[in-house]
Amino acid sequence: MGGGGGGGVDPFDIFSSFFGPSFGGGGGGSSRGRRQRRGEDVVHPLKASLEDLYNGTSKKLSLSRSVLCSKCKGKGSKSGASMRCPGCQGSGMKVTIRQLGPSMIQQMQQACNDCKGTGESINDKDRCPGCKGEKVLQEKKVLEVHVEKGMQHNQKITFPGEADEAPDTVTGDIVFVVQQKEHPKFKRKGDDLFYEHTISLTEALCGFQLVLTHLDNRQLLIKSNPGEVVKPDSFKAISDEGMPMYQRPFMKGKLYIHFTVEFPDSLAPDQCKALEAVLPPKPASKLTDMELDECEETTMHDVNMEEEMRRKAHAAAQEAYDEDDEMPGGGAQRVQCAQQ
């Protein structure tokens with residue numbers, strides 16, 4: 001913001017004094033010379049299932065991109081000549097000044113609409129018939145993307161120089177970013193896989209057997225050792241059955257199985273006696289029957305701890321709010337603070 005649209009100090013000249021005349025990209029028609037700028041990369045998400053990342057796969061994708069016109073070689077004209085744009089005097093930019101108020105103006109710089117920021121103008125009769133003076137054409141291209149075994153979520157697959165072409169521009173890259181999809185059974189953490197499995201109390205105490213279909217459709221037989229007791233919330237690991245390691249596919253992480261033990265809701269008295277006969281004995285009470293009779297008897301009930309904690313937090317917040325309202329002058333102080 002400033003007063004007047006006159007020529008001020010060119011930032012290029014300031015930086016050139018420190019970094020030399022090679023600094024910067026150069027504008028159209030400038031005596032500083034032109035330096036090819038780099039085009040922008042084109043980024044696409046690439047969804048991949050856990051099976052794709054375990055086994056590896058190839059995906060063919062059709063894309064539309066801009067390419068230089070082959071007839072005029074990106075010049076836009078039959079003769080290859082162009083003129084300086086009269087709208088911006090070859091700079092590619094236009095400066096507009098807007099009045100904001102008394103003695104206040106705003107100066108804005110934007111790309112020239114006449115030449116689309118190129119600084120060049122082409123005679124209508126000399127326009128290339130292939131691209132109509134646009135210098136580029138649209139092309140459909142099919143890319144085959146190879147998803148290698150063990151690739152990670154958000155890993156990039158780059159096709160150098162395959163983005164949109166433009167005159168006097170180094171073509172950017174097409175970049176595919178792997179987006180791993182959720183799997184209904186397996187969870188991945190790095191090179192390891194996690195699998196949730198629920199077993200009954202009988203299986204936990206007397207042994208279990210599980211046939212697990214892996215990500216490559218192999219059938220894995222998983223069973224407990226004789227006499228082994230599987231405890232609730234315990235983990236078991238199987239080496240070399242996790243994800244293949246990227247660029248080292250013959251090396252794999254671990255497969256972890258997380259066990260949840262499902263307990264019966266209740267037992268009949270005869271079932272309790274049968275279990276007591278085979279399970280380790282209950283610890284003996286340290287109190288006599290008379291001392292037990294003097295104890296106060298209580299009743300337990302089921303509770304959802306998440307809901308219980310939410311209810312307590314809400315009650316505590318409500319109590320703090322009520323106490324704040326009851327403080328003498330509390331409301332008045334808040335109003336005064338808001339007005340300052």
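Strand 17 covers residues 244–245 and strand 18 covers residues 248–252; they run antiparallel and are joined by two bridges.

A quick word on what you're looking at. This is a predicted model, where local features need pLDDT of at least 70 and side-chain atom pairs count only at pLDDT 80 or more, while totals for chains, interfaces and linings use all residues. Residues are numbered from 1 along each chain as its sequence is written, and side-chain values use heavy atoms, with hydrogens and water left out.

Zooming out, the chain has seven helices and 19 strands (DSSP runs numbered from the N terminus: helices are H or I with at least four residues, strands are E with at least two). Of its 340 residues, 25% count as buried, meaning under 20% relative accessible area with a 1.4 Å probe, protein chains only; exposed is over 50%, and partly exposed is in between. Of the contacts with a separation of 6 or more, 63% come from residues 24 or more positions apart (contact means heavy atoms within 4.5 Å).

Three strands form an open sheet, ordered 2-11-9, with mixed pairing (two strands pair if DSSP finds at least two bridges between them). Which strands stand at the edges? Strand 2 (42–48) and strand 9 (156–159) do, and each has a single partner strand, so one side of each is left without a neighbour in the sheet. Strand 9 pairs with strand 11, residues 174–180, in the antiparallel sense over four bridges. Across that pairing, K156 stands opposite V177 in strand 11.

On to the rings: the structure holds four aromatic pairs. One of them is F159 with F176, edge-to-face, 5.7 Å centre to centre and 85° between the planes. (Phe, Tyr or Trp rings, six-membered for Trp, pair if their centres lie within 6.5 Å; planes under 30 degrees apart are stacked, over 60 edge-to-face, the rest tilted.) F159 lies in strand 9 and F176 in strand 11, so this pair ties together parts that are 17 residues apart in sequence. F159 is buried at a relative accessible area of 17%, and F176 is buried too, at 1%.
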